[in-house]
Amino acid sequence: MGSGTDLGRVRGLGSSKEGAHHWWHQRLTAAGNLILMLWFFASLALLPAHDYPTMAGWLASPLAAVPMILLVASVFYHFRMGLQVLIEDYLDGAGRITAILLLSFFTIGSAAIAIFSILKIAFTGALV
Amino acid sequence: MATKPNANRPISPHLTIWKWGPHMLVSILHRLTGDGMATVGTVLFVWWLAALAGGPASYEAFMAWFVDGSGVIKPLGYLFGIGLTLAFFQHMASGIRHFVLDTGAGYELKTNKLWAQSTMLVSIALTAAYWAILLKGH
């Protein structure tokens, strides 16, 4: 710390203008999760069986595939924020930044596999 | 951000210092269930979807870990199935409690304790009811 103006030294270090977005997005996705996860749990319970033809046939329907994609978007965004807070509570410095970077890779990577899998079933139907 | 933390700074008291109570337990459970679902739940969920997308053979291979050939649920199936169901309902009930607390309500000691206890009763009751329905269908 030394060179630069007072403003230049503090810029980017505080929560000015954007500090509430993490809190708000966590609530926003929590509301989405509540609806989508209850739908998911209810759907699984209402299916007559959980074998391949039943499950793939269910997920091939747009009425299941679209909410499932929304569920992945809302839940994965939500859990990424939750795990970020966990990391921020227990790690400092370079370890914190590395862990958050790996967390982003994990979230985006697993979301990509999940959404691709849903779309594959929705577009190609159940394999016989 | 990348600067070394000052060792002289006061730090927040941790688990070993606070007296245990329902409101503290429910806060820990919220983090535990959330982070448990975010890690274990995500891996199982994505594995399940990818196996389903792969076709009948890969789906059978996934299900064989949790259900045996005659459709009977294995111990691993109960462990992850009931564990994740309980984690979900606990996180859900606790999350709804947080929505109420966000409005500024429920901070009186007795009310706070009652609602904290209620989240645990609700999650156990919903898990039992859900699995009763699930097992009845089979």
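Reply: Two residues are in contact if their C-beta atoms, placed from the backbone, lie within 7 Å. This is a predicted model, in which local features need pLDDT of at least 70 and side-chain atom pairs count only at pLDDT 80 or more, while totals for chains, interfaces and linings use all residues. Residues are numbered from 1 along each chain as its sequence is written, and chains are lettered from A and ligands numbered from 1 in the order in which they are written.

Me: Which element gives the largest share of the side of chain B that touches chain A?
Reply: Between the chains, 25 residues of chain B are in contact with 25 residues of chain A. Two or more residues of that side of chain B come from each of H1, H2, helix H3 (75-102) and helix H4 (109-136) of chain B; helices are DSSP runs (H or I, at least four residues), numbered from the N terminus. The largest share, twelve residues, comes from H1(B).

Me: How many nonpolar residues does the side of chain B that touches chain A have?
Reply: Ala, Val, Leu, Ile, Met, Phe, Trp, Tyr, Cys and Pro count as nonpolar, Asp, Glu, Lys and Arg as charged, and the others, Gly among them, as polar. By these classes, this side of chain B has four charged and four polar residues, and its nonpolar residues number 17.

Me: Why do the buried residues of H3(A) line one face of the helix?
Reply: A residue is buried if 20 or more other C-beta atoms lie within 10 Å of its own, exposed if 12 or fewer, and partly exposed in between, with C-beta atoms placed from the backbone. In helix H3 (residues 52-60) of chain A, the buried residues are Tyr52(A), Met55(A), Ala56(A), Trp58(A) and Leu59(A). They line one face because, seen down the axis of H3(A), the directions from the helix axis to their C-beta atoms fall within an arc of 160°.

Me: Is Ser94(B) buried or exposed?
Reply: Ser94(B) lies in helix H3 of chain B. Leaving aside neighbours within four places in sequence, Ser94(B) is in contact with Val26(B), Leu29(B), His30(B) and Thr119(B). With 22 other C-beta atoms within 10 Å, Ser94(B) is buried.
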